[in-house]
Amino acid sequence: MKPKLYPLQFHPILKERIWGGEKLKTVLNKPIVSKITGESWELSTVEGDVSTVANGVLDGKSLMELIDETPNEILGTEVYKRFGKQFPLLFKYLDAREDLSIQVHPNDKLAKERHNSFGKTEMWYVLQADTDARIIVGFKEDSSKEEYLEHLHNNTLVSILDDVKAKVGDVFFLETGTVHAIGAGLVVAEIQQTSDITYRLYDFDRVDAQGNKRELHVDLALDAINYNKVDTQKKYETKDNTSNVVVDCPYFTTTFIPLKEKINVTKSGATFTVYMCIEGSFEIEYDGFKQGYKKGDTVLVPAEINAFILDGNASILEIYIS
């Protein structure tokens with residue numbers, strides 16, 4: 001018998017990182033115990049890191065189990081048709097106490113050939129930013145493989161990369177091939193294809209507690225990099241009680257909802273919907289179900305739930321596949 005579905009929350013999967021800190025606790029109230037926690041994976045089916053339900057009668061059930069039992073109902077008819085029983089997106093919060101490594105992600109073709117994986121198109125929403133925090137994103141001007149390698153070998157790579165000051169509410173959309181790094185002093189929400197494939201180009205010569213440098217992937221990255229200047233920052237409207245489109249790409253659509261009052265939401269059943277609460281609090285009401293969410297919470301609304309109410313005072317990211 002198929003389980004009765006409802007809006008689902010999941011236990012965060014917490015990741016220590018050499019560049020991590022404690023803001024996932026102080027800013028987003030995550031249950032971290034380490035002083036170098038860099039990531040909270042909110043919703044994942046990456047092998048070895050599959051999310052488990054944290055609310056309701058399905059508590060403890062893995063997302064993969066639920067998709068296996070109810071693929072159309074969870075994923076949606078169109079998503080299931082396109083991806084089968086794969087959950088195509090990965091949702092995270094990141095805390096960069098230090099700069100992340102300068103890195104790049106391969107496209108679908110390269111990732112499939114080399115790793116039997118999706119590529120990694122992603123976006124960042126800035127939740128908290130220290131004064132003068134910035135991201136590194138793409139090249140200042142169109143470059144080339146030869147120029148890139150020359151600067152990499154001379155330890156001057158940063159000099160040809162663009163950096164952008166980041167503030168709360170900024171959104172950056174990174175297509176595969178974009179060289180990038182989240183800078184120190186930022187907390188971001190990250191929405192990406194389901195992939196854990198990263199090619200690390202430069203790590204600021206850091207060492208871990210044992211004195212070891214992290215592995216670089218210079219050769220793998222050469223054919224993955226887009227050497228042209230790119231425009232990654234997204235401008236978007238902020239009309240109250242409306243789904244304002246922020247990113248609309250083949251892999252996901254993200255809208256920004258400044259929720260000020262009760263709104264009715266209707267869906268077609270073609271895709272699941274995910275809500276990330278980035279400020280304030282709100283409730284979802286559905287067929288006798290009512291649950292509240294606060295800043296830092298992430299909730300998956302199964303595709304079969306096609307009419308529900310959002311109520312509260314919150315800023316929300318809404319994500320689905322169109």
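Trainee: Which elements do the buried residues of α6 pack against?
Mentor: The model is predicted: local features need pLDDT of at least 70, side-chain atom pairs count only at pLDDT 80 or more, and totals for chains, interfaces and linings use all residues. Residues are numbered from 1 along each chain as its sequence is written, and side-chain values use heavy atoms, leaving out hydrogens and water. Helices (H or I, at least four residues) and strands (E, at least two) are DSSP runs numbered from the N terminus. With contact set at heavy atoms within 4.5 Å and buried at under 20% relative accessible area (exposed over 50%, partly exposed in between; 1.4 Å probe, protein chains only), the partners are β8 (134-139), β13 (199-202) and α7 (218-222).

Trainee: How wide an arc do the buried residues of α6 cover around the axis?
Mentor: In α6 (residues 145-153) the buried residues are Y148, H151 and L152. They lie on the same side of α6 because their arc, taken from the directions from the helix axis to the C-beta atoms, is only 105 degrees.

Trainee: Which residues are exposed on the other side of α6?
Mentor: An α-helix has 3.6 residues a turn, so residues three or four places apart point the same way. The exposed residues on the other side of α6 are E146 and H153.

Trainee: Which strand gives the largest share of the 61-residue core?
Mentor: A nonpolar core joins buried Ala, Val, Leu, Ile, Met, Phe, Trp, Tyr and Cys residues through side-chain atoms within 4.5 Å. F87, Y275, F282, L300 and L310 touch the most other members of this largest core. The largest share, eight residues, comes from strand β18 (residues 273-286).
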